[in-house]
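Dear colleague,

Please find the structure below, together with its sequence. My notes on what was found in it follow directly after.

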Amino acid sequence: MKALILAATVAVAGPAPADVVVVRDAVSVANCRALGEVRSSSLWGGLLANAAYNHVVDQMKKRAAALGGTHVQIVDSSSGFAGSRMIGTAFLCPRA
């Protein structure tokens, strides 16, 4: 019984953000179900531009995972002196 409850809890929780795959091409998510748009931005820029980009990617993965997504396709992004921003779509893809 405890194993069944644990399995149900894991199934409802969805993927961990670290397991969400970030892709840019539509082919990678062609056989997947779109779950919704995800966005993130950071005002860090200049010397912190790389850290800002990584922060935004992490936020995109967390938001996709919160929707139950296994993948997030980045459809628009910018990064530079003024910060970083991304817009993408979360997808639930079948397991390989």
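Helices (H or I, at least four residues) and strands (E, at least two) are DSSP runs, numbered from the N terminus.

Before going further, please keep in mind that this is a predicted model, in which local features need pLDDT of at least 70 and side-chain atom pairs count only at pLDDT 80 or more, while totals for chains, interfaces and linings use all residues. Residues are numbered from 1 along each chain as its sequence is written, and side-chain values use heavy atoms, with hydrogens and water left out.

On the overall layout, the protein chain has 2 helices and 4 strands, and from the N terminus on these elements follow the order α-β-β-α-β-β. Of its 96 residues, 32% count as buried (buried means under 20% relative accessible area, exposed over 50%, and partly exposed in between, with a 1.4 Å probe and protein chains only). The accessible surface comes to about 6,200 Å², and 62% of that belongs to carbon and sulfur atoms; these areas come from the Shrake-Rupley method with a 1.4 Å probe, and for residues only the protein chains shown count as cover. Among the contacts in the chain with a separation of 6 or more, 71% are accounted for by residues 24 or more positions apart, contact meaning heavy atoms within 4.5 Å.

Turning to the sheet, the 4 strands form an open sheet in the order β1-β3-β4-β2, with mixed pairing. Its edge strands are β1 (21-23) and β2 (33-42), each of which pairs on one side only. Neighbouring strands of this sheet are turned by 30 degrees against each other on average, direction ignored; axes here are lines fitted to C-alpha atoms, for helices over the stretch in contact, and angles run from 0 to 180 degrees between N-to-C directions. Helix α2 (residues 49-66) packs on the sheet and touches β1, β2, β3 and β4, its direction making about 150 degrees with that of β2.

Strands β3 (residues 71-80) and β4 (residues 83-92) run antiparallel and are joined by 9 bridges, and the hairpin between β3 and β4 passes through 2 residues. In this pairing Q73 stands opposite T89 of β4, and H71 has F91 of β4 as its bridge partner.

The interior can be described through its nonpolar cores, a nonpolar core being a set of buried Ala, Val, Leu, Ile, Met, Phe, Trp, Tyr and Cys residues joined through side-chain atoms within 4.5 Å. The largest one has 11 residues in all, namely V20, V38, V56, V57, M60, A64, A65, V72, I74, M86 and A90. At least two residues of this core come from each of α2, β3 and β4, and α2 gives the most, with 5 residues. Apart from this core lies another, of 5 residues, which include V23, C32, F91 and C93.

V57 is placed in helix α2 and is buried, with a relative accessible area of 16%; leaving aside neighbours within four places in sequence, V57 is in contact with V22 and M86. S40 is placed in strand β2 and counts as buried at 6% relative accessibility. With neighbours within four places in sequence again left aside, the contacts of S40 are V56, Q59, M60, R63, S84, R85 and M86.

Because C32 lies in the loop between β1 and β2 and C93 in the segment after β4, the pair ties together parts that are 61 residues apart in sequence. Both C32 and C93 are buried.

With best regards

Note on methods
Pairing = 2+ DSSP bridges.
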